[in-house]
Amino acid sequence: MTKIEFTGALAKQLAGLPGQEIDRITAFYAEAVDDRMEEGMGEEEAVAALGDPGEAARQAMMELPLPTLMKMKVKESRDRTDNKTLWIVLAILGFPVWFPLLITLGGVIFAVYATVWAVIVSIGAVVLSLAIAGVAAFIGFIPYMLTVTPAAGLFMLGVALALIGLTLILIKPVILICKGLARLTVYALRAVKRLFIPDKGI
Amino acid sequence: MDVQLKKGLIEICVLKALETEDSYGYQIIKDISPYIEISESTLYPVLKRLESGEYLEVYSVEHNGRLRKYYRITASGREKIKLFIEEWKEVMTVYGYISREIPEFEEHRAVKKSGANINHAEKGSDGND
């Protein structure tokens, strides 16, 4: 395959995306071929080192925002339809079907993010409350000793130390859980994006 | 290797390749190829992600009549490298334990079975503790 053939196949896979994005991606790969040829590699060899244009296109598309990919899917179906008027009519008639589906998809994505965020905030609030209670008990145990009984004061000191200890133990696992949850949202988003990326060969 | 793990490792390798000096696509691939499987298809998304995360900056330089994209690491990029080294210290300890213990266990089993005194050569690990 020549450089032009590769970038051509690449651009074909990226059809429907904004021109600026297509240019950016093809320029990246053209540069990769040029750099290799500059070091003495033949054109065929340099292009072969890039792998499959379809795979390159798919990987590049995964990094684009979801709305861009959705618009690409719409454009693709529009370009595929020979009768543009028919397409417009069907799109309008089909509105009661695709619009609720779109809203549902948006709702599901929002729900995933909102749930994850809510869980993270709740866990954080629990740990914060433990910390505040522990510090308060630690500050208050001496006055408590003096105003109630020494035994009660000592008890409060014990409670304070237990709470502070619990907070310290929980900090690491909580951070891990939050990171894991954040990663979950990334996986979810990538799964949705993959729905919109064409899986066709050249 | 797990895909996401590999992508994370490639990210950190790219940042490391830019640590001492700015570099460009093909040079980065040459620098990190000995350590991890990398090609342009995997590099492009990684560079994009690092750029949107502001771990690196992009700028163009004219080279032999064409424009070549160069990448420069940022302060957050350097932080990310430090964080990786810190996080993986524990992984390396576990790896040391796992890879060291098993051959010794096998050797103990062999000694017990034959009842003889086997003169075994330690392969670079620090002897029995």
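Is Cys13(B) buried or exposed? In this predicted model, Cys13(B) has a relative accessible area of 19%, and it is therefore classed as buried, the limit being under 20%. Cys178(A) is likewise buried, because its relative accessible area is 18%. The count of disulfides over all chains is 0.

Aromatic contacts were examined next. A pair of aromatic rings is described by the distance of the centres and the angle of the planes. Over all chains, the search of the whole structure gives 10 aromatic pairs. One of them joins Phe6(A) and Tyr29(A), with the ring centres 5.8 Å apart and the planes at 40°, a tilted arrangement.

In chain A, the charged end of Arg78(A) is placed over the ring of Trp87(A), at 5.8 Å from the ring centre. In chain B, the charged end of Lys80(B) is placed over the ring of Tyr55(B), at 5.1 Å from the ring centre.

The packing of two helices was described for chain B. Helix 1 (residues 3–17) and helix 3 (residues 40–52) of chain B pack with their axes 10 Å apart and at an angle of about 70°. Helix 1 of chain B is therefore roughly perpendicular to helix 3 of chain B, a class that covers angles from 65 to 115 degrees. On the helix 1 side, the contact involves Lys7(B), Ile10(B), Glu11(B), Val14(B) and Leu15(B). These meet residues of helix 3 of chain B, among them Thr42(B), Leu43(B), Val46(B) and Leu50(B).

Backbone angles were considered last. Most residues other than glycine have a negative phi. Glu54(B) has a positive phi, near 60°, and is found in the loop between helix 3 and strand 2 (56–63) of chain B. Because its relative accessibility is 57%, Glu54(B) counts as exposed. Asn64(B) also has a positive phi, near 50°, and is found in the loop between strand 2 and strand 3 (66–73) of chain B. With a relative accessibility of 61%, Asn64(B) counts as exposed.

Key. Residues are numbered from 1 along each chain as its sequence is written. Chains are lettered from A and ligands numbered from 1 in the order in which they are written. This is a predicted model: local features need pLDDT of at least 70, side-chain atom pairs count only at pLDDT 80 or more; totals for chains, interfaces and linings use all residues. Side-chain values use heavy atoms; hydrogens and water are left out. A disulfide is a pair of cysteine sulfur atoms within 2.5 Å. Buried means under 20% relative accessible area, exposed over 50%, partly exposed in between (1.4 Å probe, protein chains only). Rings of Phe, Tyr and Trp (its six-membered ring) pair if their centres lie within 6.5 Å; planes under 30 degrees apart count as stacked, over 60 as edge-to-face and the rest as tilted. A charge sits over a ring if NZ of Lys or CZ of Arg is within 6 Å of the ring centre and within 35 degrees of the ring normal. Axes are lines fitted to C-alpha atoms, for helices over the stretch in contact, and angles run from 0 to 180 degrees between N-to-C directions. Helices (H or I, at least four residues) and strands (E, at least two) are DSSP runs, numbered from the N terminus. Angles under 35 degrees count as roughly parallel, over 145 as roughly antiparallel, 65 to 115 as roughly perpendicular and the rest as oblique. Contact means heavy atoms within 4.5 Å.
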